[in-house]
There are 2 protein chains.
Amino acid sequence: MPVSSPYRLVDIDHALHTILAHSPLLPVESVSLAAALGRVLAADVAAPVNVPPFPAAAKDGYAVIAADTSRRRQVLGEQMAGRVGDLTVVPGAAVQITTGAAIPPGADAVIMVEQTTPQGDWVEIESAVAAGNEIRPVGEDIAAGEALLPAGATLGPAEIGLLAAVGLAQAPVYRRPRVAILSTGDELREPGEALLPGQIYDSNRFSLAAAVAQAGGAPAPVGIAIDSSAALGQALLAALADHDALLTSGGVSMGKLDLLKPILEAHGQVHFGRVMMKPGKPVTFATVQGKPIFALPGFPVSALVSFELFVRPALRQMQGDRGWRRPRLQVTLAHDLEHDAHRTEYQRAAIYVEAGRFLARSTGHQGSGRLLSMVGANALLELPPGSGHLSAGSVVSALLLQAIGD
Amino acid sequence: MPVSSPYRLVDIDHALHTILAHSPLLPVESVSLAAALGRVLAADVAAPVNVPPFPAAAKDGYAVIAADTSRRRQVLGEQMAGRVGDLTVVPGAAVQITTGAAIPPGADAVIMVEQTTPQGDWVEIESAVAAGNEIRPVGEDIAAGEALLPAGATLGPAEIGLLAAVGLAQAPVYRRPRVAILSTGDELREPGEALLPGQIYDSNRFSLAAAVAQAGGAPAPVGIAIDSSAALGQALLAALADHDALLTSGGVSMGKLDLLKPILEAHGQVHFGRVMMKPGKPVTFATVQGKPIFALPGFPVSALVSFELFVRPALRQMQGDRGWRRPRLQVTLAHDLEHDAHRTEYQRAAIYVEAGRFLARSTGHQGSGRLLSMVGANALLELPPGSGHLSAGSVVSALLLQAIGD
């Protein structure tokens, strides 16, 4: 009887669902705003204060009484932003004021400086204004109590600015997943060293570390484990001690030296060991000590595509992101495409807009070792099983990896 | 005569062109692959080696002679990845081989393990294969001398993996711009402190630092400068000594205390002091000691929008990115929109796909202090001067800030 894998081929949705069910939310920590970029908020935030907290001048100019009809007014002094004066505006008078300064008592409007002509201690007013003119009322930008950001929001520049604007110096966020990254294989050599016969350079540890960082995790490359059960088991347990998840590449297909699955079985539970997809069929997912372990294939493209489909969602969920799904678009093939007739295939493509339509062009030879096929790709085409041939003009689903446009 | 600005209103394209002409490319440095994510390559990279460097097994199985017709073959031993054996395949024989291992002398094909039945020291072969079957020829993934990445490429996971795969441990990249960030204004208070009357919290320093980091720069918040010429001038010169660019917010409109422009004039050259746009009209650009200084308005939305339009392109260009432009799309308004009739207005919007069209929905009240209008926005609508009213269904241009989809 031919050799066959003891692992059932599971479908992609089942695999993702299983992974998400075993990727626990990490603890909450407090970070300063300077360290908050890209972090995910762990609690709803409402505004503790009004912004502005006082009626403020929206422009540089003069604080006046709107109903006052005097063309020339006496300038009583200056009210500057951040300084509190003791000036009160009365009919026939005005107070010079700078943007952001509190409106002095008595005044109910600001006339912008461009509509005035200063004359010594007096100012000539060009035109009448309504009460409230160029005054930012209390809470105009943000009202005290207003909901600002929901738990699960990823903090970008605007969100961080909002927290600062209401006086919050710290934000409660989920911890970033600390991800140990282990390459396996006796044939792997460090870049920068000379290759011996039979050796190749390890690339997955570097590409996966970058992918982990892009997904908001803290990558910790822990080296290359050689192909021995003892070495692998030891490396695995050591990595788990200090990290929230473990990412391996290589060592999961069917050879005699693909030792990883038995070791995972020995120390924990293997949830699946093969997925009905291309590339990425040998993707294996296990938990050991309650922590997720992603054993990715060794071919560089297989490793990155399966990272994108399975690991990134888990890492985003672990750090509290509820909207981790990549956007999907329907796109039109710019040319004929051959694909796998039996497994869903993820092909790398460049999506562009032409005459209001999304067109997809392949990035070339899609071999699972050919990393060049990922360069210039802004999407993965999801090609379901079928005849194995799609004609130019066919509409397929694409998983967007970055913004597209002209 | 009414007070007016001495600075000519320039148009947006002129402003951007001027900025780019004064944003010099930074020096080149070498970084390790672990530190290369997001950096911009400073030289074309061609492959110094073939990948794979030897004919390699694409699958686990048996190395055989394709023309051999024996159904049962004697297994001479194992050829494992990374190890060099002394086995030679002869007719009637096979060598067990693992994925990635060098094909032993004599063999010209690999039969995958799933098509075999092992029987002690023998293996039964299910079906014949052609020469070259499951063998990855030398240079299949990357051919020595092949162009891999051009200067100007931004290094993501795949690009970093490519460099590693050909043995390069370091990459030549442009230095990240070190950007000093200074807030100005006596009214500004640090988040976490208590507000005194007339004070508000500084938010720009935090939002702009995050925006600089997102643009690939190294932000260095250098504090709040109070509204005095001496303090501002000193802060400016100190910041320039250690940084490649300076970003200020506030202090550029027309009030008596808007001191920044005269100080910039005194120490260098102000290239423009007002731009025909909304928000962001007071945006000022100067060079001092050959370094770019961006003096942004103080209102939080004005600061972030003008960062996006003017500072991000400069920072990307300084670090060698030739493709720094945000993608633009034509989008359809989902509802009526009021906008500025005289200046191009940038309104924050959420773009989504519906029935194959891009629709744009405003993020609400567009006040230049209202940071909430940037939350949930994935695009800036570019609304040219006109009637000031656009009806639902109108098609406008949108600058994409992130990927969009369903």
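## Exercises on a predicted two-chain model

The contact between the chains takes 96 residues from chain B and 96 residues from chain A, where two residues are in contact if their C-beta atoms, placed from the backbone, lie within 7 Å. The model is predicted: local features need pLDDT of at least 70, side-chain atom pairs count only at pLDDT 80 or more, and totals for chains, interfaces and linings use all residues. Residues are numbered from 1 along each chain as its sequence is written, and chains are lettered from A and ligands numbered from 1 in the order in which they are written.

**Exercise 1.** Describe the side of chain B that touches chain A.

*Solution.* Step 1: elements that each supply at least two residues include β9 (116–119), α2 (157–165), α3, α6 and β24 (328–333) of chain B; helices (H or I, at least four residues) and strands (E, at least two) are DSSP runs, numbered from the N terminus. Step 2: by class, this side has 53 nonpolar, 27 polar and 16 charged residues. Here Ala, Val, Leu, Ile, Met, Phe, Trp, Tyr, Cys and Pro count as nonpolar, Asp, Glu, Lys and Arg as charged, and the others, Gly among them, as polar. Step 3: 100% of the interface residues of chain B are also interface residues in chain A, so the copies meet through the same surface.

**Exercise 2.** Decide how far helix α3 of chain B is enclosed.

*Solution.* Step 1: call a residue buried if 20 or more other C-beta atoms lie within 10 Å of its own, exposed if 12 or fewer, and partly exposed in between, with C-beta atoms placed from the backbone. Step 2: nine of the eleven residues of α3 (residues 204–214) are buried, so the helix is largely enclosed by the rest of the structure. Among the buried ones are B:Arg205, B:Phe206 and B:Leu208. Step 3: the cover includes α2 (157–165) of chain A, together with β14 (178–184), β17 (218–225), β18 (245–249) and α6 (300–318) of chain B. Step 4: just after the helix, B:Gly216 takes a positive phi of about 90°.
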